[in-house]
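Please look through the sequence and the model below, and then read the report that follows, which moves from a pair of charged residues to the core, a helix and the surface.

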Amino acid sequence: MLKTNTYTFSFIALITLLFICFFVNISLGSVSIPNQAILKSFIGTLDHESWQYIIQNYRLPKAITAILVGSGLGISGLLMQTLFRNPLAGPFVLGISSGASLGVALVILGSGIFGGVFTTLLVLKWTVVIAASLGSFLVLLAVLLVSSKVRDTMAILIIGLMFGSITAAVVSVLSYFSSAEQLQQYIFWGFGSLGNLSWKELFIFFLIYSFGILLSIISIKGLNTLLLGENYAKSLGLNIKQSRFIIIIATSLLAGTITAFAGPIAFIGLAIPHITRQVFNTSNHKILLPAVFLFGAIIMLFCDSIAQLPTSDYTLPINAITSLIGAPVVIWLLVRKRKMIF
């Protein structure tokens, strides 16, 4: 009973902190907007049309994107760490991010080899998103094909890493033959960005994200059983292949969609599950899944707020901020606890 009350208090505290981080994130930017105006924009229309436009069409979608990206990467990282029982596993171990990167590289860098075949495609706003999605999907198909033939879960992990190495090698070849301008475009995409989505794009992002979250919730019982080991899970009647298939699909939908819309964002998927386990001191996914959701959203909002550089016209790469802020936190938690809960 005491532990249940502790969890309830912790979740209330996290939800409160999420709302605070959400408001702070919206209040920051190169244009100074009073807090009263921000609050009023949620319930009505501001007289100051430029403030209303900035809040409704830039800051609000960006803050929502941060919540989706942070929670999605955190949950997909949790799924992978449990499936492979490996604390170093993250949402991109299956090569999903590498596949997305290859798709984008073919579009941005491909004209260096194919003589401008892809150059005209760059005028289309959705080109990069579609290319990243197709790259992720092709790698997903390969991983699913392998998972249907291989019984050993660790073999799938190794094969996923090999897919990542192959795609990275192809990207290196494309980079070698590309111009400085093309390389710069690709590097900027690799920095990650939360502020480039319109409401229409965000709606599509949310639909795919929601399906991935739904599959994650369906997998909770299987995830808890897999912690006991595959042999014991089989003795309890768990269909290992089916559970593994659902977990891989859920992770691919979350990680692939996030990479397609926001770029390859590091650290969050690897570290958030560890931070959550240390704070909540449990391996029960009924507790971990919503806790990871909240922690991921909060930390992503916090990192994006730091990246805003208040009173500055510049925005730092979100990838750099997530690693600079998050990695020391994980090191401190592990040193403080002196053991890794898994």
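Asp304 and Lys62 are both buried, where buried means under 20% relative accessible area, exposed means over 50% and partly exposed lies in between, with a 1.4 Å probe and protein chains only. The side chains of these two residues meet in a salt bridge, with 2.8 Å from N to O, and a salt bridge is defined as a side-chain nitrogen of Lys or Arg within 4 Å of a carboxyl oxygen of Asp or Glu. The pair links distant parts of the chain, since Asp304 lies in helix 14 (residues 285-307) and Lys62 in helix 3, 242 residues apart. The structure holds 1 salt bridge.

This is a predicted model, in which local features need pLDDT of at least 70 and side-chain atom pairs count only at pLDDT 80 or more, while totals for chains, interfaces and linings use all residues. Residues are numbered from 1 along each chain as its sequence is written, and side-chain values use heavy atoms, with hydrogens and water left out.

The largest nonpolar core has 93 residues, and Val69, Phe84, Leu94, Phe205 and Ile265 touch the most other members; such a core is a set of buried Ala, Val, Leu, Ile, Met, Phe, Trp, Tyr and Cys residues joined through side-chain atoms within 4.5 Å. Helix 3 (residues 49-84) gives the most to this core, with 15 residues. Helices (H or I, at least four residues) are DSSP runs, numbered from the N terminus. Leaving aside its neighbours within four places in sequence, Phe84 is in contact (heavy atoms within 4.5 Å) with residues including Ala89, Leu94 and Met154.

Helix 13 (residues 268-280) has 13 residues and reaches 18 Å from its first C-alpha to its last, close to the 18 Å expected at 1.5 Å a residue, the expected span being 1.5 Å times one less than the number of residues. Helix 13 is mostly covered, as 11 of its 13 residues are buried, among them Pro273, His274 and Arg277. Just after helix 13, Asn281 takes a positive phi of about 55 degrees.

| Residue | Helix | Relative accessibility |
|---|---|---|
| Leu207 | helix 9 (residues 199-218) | 47% |
| Trp51 | helix 3 | 22% |

Trp51 and Ala37 are 14 residues apart in sequence and 8.2 Å apart in space, C-alpha to C-alpha.

Terms used:
Helices (H or I, at least four residues) and strands (E, at least two) are DSSP runs, numbered from the N terminus.
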